[in-house]
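Me: I am new to this structure and would like to know what lies behind the words used for it. Could you take me through chain B?

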Amino acid sequence: MSIKLGVPSKGRLMEKTFDWFAQRGVTLGRAGSDRDYAGSVKGVDNVELILLSAGEIPRELAAGRIHLGVTGTDLIREKLGLWARQVDDLAELGFGHADLIIAVPACWVDVDTLDDLDAAAAAFRRAHGFRLRIATKYHRLTREFLRESGVADYQLVDSQGATEGTIKNETAEAVSDITSSGATLFANHLKLLQDGLILKSQATLFRSQKAEMSEQDRATMATLLTQLNLG
Amino acid sequence: MATRAAIKGEAARLRQLFENAGGVPVETDVLQPADTLLDLYGEDIRARAYVTSDALRGEQMLRPDFTVPVVQMHMADGAEPARYTYSGAVFRRQEDDTRRANEYQQVGYEVFDRTDPAGADAEVFALFHKALDGLNLRAATGDIGILMAAVAGLKTTQRRQAALARHIWRPTRFRALMERFSGQTDVPESRQKLLACDDPWANSGAMIGLRSRAEIDQRIAGLREDAQAAPLSMEEVSLIDAILQVRAKTPKALEHLKEISADLPAIRPAVARFEQRAEALDDRGIDVEALDFAASYGRTHMEYYDGFVFGFYAENHPEMPPVATGGRYDALTRMLGDGAEIPAVGGVIRPDLVLELGAGA
């Protein structure tokens, strides 16, 4: 048996995760070529690296198929109900910063707050006969946030990518999406609502509460966490 | 946990009680078209109902309650007055509390009768009271119609009345609006800037999206008009607060509300209905002296009850959902009937909880 560590399988998130572990004496790497999703771990015995899509890591942690996983807080909270009862967050890794926010067209000069959005939604529904559409892939987080804020007369429409473009295409009136710098929003003629910050997210190391461990695995986990200064 | 067979048996017993009271048994589909429910309840329904779909009929929801299909059935071809009963499974997503069931039986009774609303309210409540006799439950009652009448009677602009009426079921936003309209909170800086600005469109950038410049101008005009409106008087704010704080046994609550209606005449018809209902309940043998009433009860439910509301709770099991709930939903019939309204009142019992509390009486 071994401790399974899930890490995003590509891009900056993978590289930065490798760097973070390397700085703590644990060398992660791909086993073979760049296209090979098998991984290697040096510096601690009996740890297995599993390269996965960041979006699948929450599910794998919840199912206990991996013991540790690196992914964004946003994905954990969106995908896992009662997340704190399924995973523990061990460490914020200091990269992958992204805010989940609500944005509207910059030309909506009358809308700067959730209160404005709610009023605009009511008028929009009267004028157009359907609820104001907010494009997102973060359905749960957005819905909970808007419910707590008392915003009504909206509907969520699913958008798995290029969400900022939905408004220009007239398939949505507003968006709820991840932004790191705001540059994409600006380029798409959108603006943030002042009180529209739903969640601040960053890459985080999570531990599954469900994954089974043998005696040896427990010892491995303790060694690894000590090595990472988390013990 | 009672077995499925036992729960169905209890459901059959309760339904028989409702049939004996004149309820015609009806059945509805488990799969309901999602758009009707979404249109009624808004996005919140997705957090409570399971959605599924196929390529032909699009999105469908697993029946989250019976009320909507029963109302639709009645409005399509029901004769008046009508009484219906039903029993079957309903499905509710539970993502925040694993102890709550996501599938359970409901047994319901609905009355469509425009002749005597107070009498129909009392009929439903008394029937449920009898069906749950011996379980040692606390009955909670309220009346959303009183708060709605109060809002409609405020001496302020129609726009403000409409904004408050829209948020009656969202107490936090309702409170924020009251504070804004009465000048207790400052107008947000962004709003002040917008109103002070001669040309709001300077530097506004490209016009994108379906919401047109005319719509935005219209809202700005509305905001300018609103900025000129006199603040809601503190007297009226305290009258609304006084209504929301009414929480007592029915006779005392009625007395309070009558006192308040001296200063807020708009609620008199609603308070008169409350009084007629209390009399009708008394006629049906309910101990009105001991019956709790709270004017704010039922405000956080889905926006569907707009008059009398009630619930039966097991006091010794605070974690248990209400054993029965119900109320009047005239507005729902108006929305589903495309303007044609039929006053309606009804409720549901959960047979599984009845069994859990120690077998039906």
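**Chain B, term by term**

Reply: Gladly! Chain B has 15 helices and 12 strands; helices (H or I, at least four residues) and strands (E, at least two) are DSSP runs, numbered from the N terminus. This is a predicted model, in which local features need pLDDT of at least 70, side-chain atom pairs count only at pLDDT 80 or more, and totals for chains, interfaces and linings use all residues. Residues are numbered from 1 along each chain as its sequence is written, while chains are lettered from A and ligands numbered from 1 in the order in which they are written.

Me: Why is chain B called as compact as a globular protein of that length?

Reply: The radius of gyration is taken over C-alpha atoms, and the globule rule is 2.2 Å times the number of residues to the power 0.38. For 361 residues the rule gives 21 Å, and chain B comes to 23 Å, which is close, so the chain is as compact as a globular protein of that length. Its C-alpha atoms fill a box of roughly 70 × 60 × 40 Å along the principal axes.

Me: Which strands pair with β12(B), and how do you know?

Reply: Two strands pair if DSSP finds at least two bridges between them. Strand β6 (residues 103-112) of chain B has 6 bridges to β12(B), running antiparallel, and F112(B) has A344(B) as its bridge partner. Strand β11 (residues 324-328) of chain B is also antiparallel to β12(B), over 5 bridges; here A324(B) stands opposite I349(B).

Me: How do you know that chain B touches chain A, and what is on that side?

Reply: Two residues are in contact if their C-beta atoms, placed from the backbone, lie within 7 Å. By that test, 31 residues of chain B are in contact with 30 residues of chain A. The largest share of this side of chain B, 5 residues, comes from α10(B).
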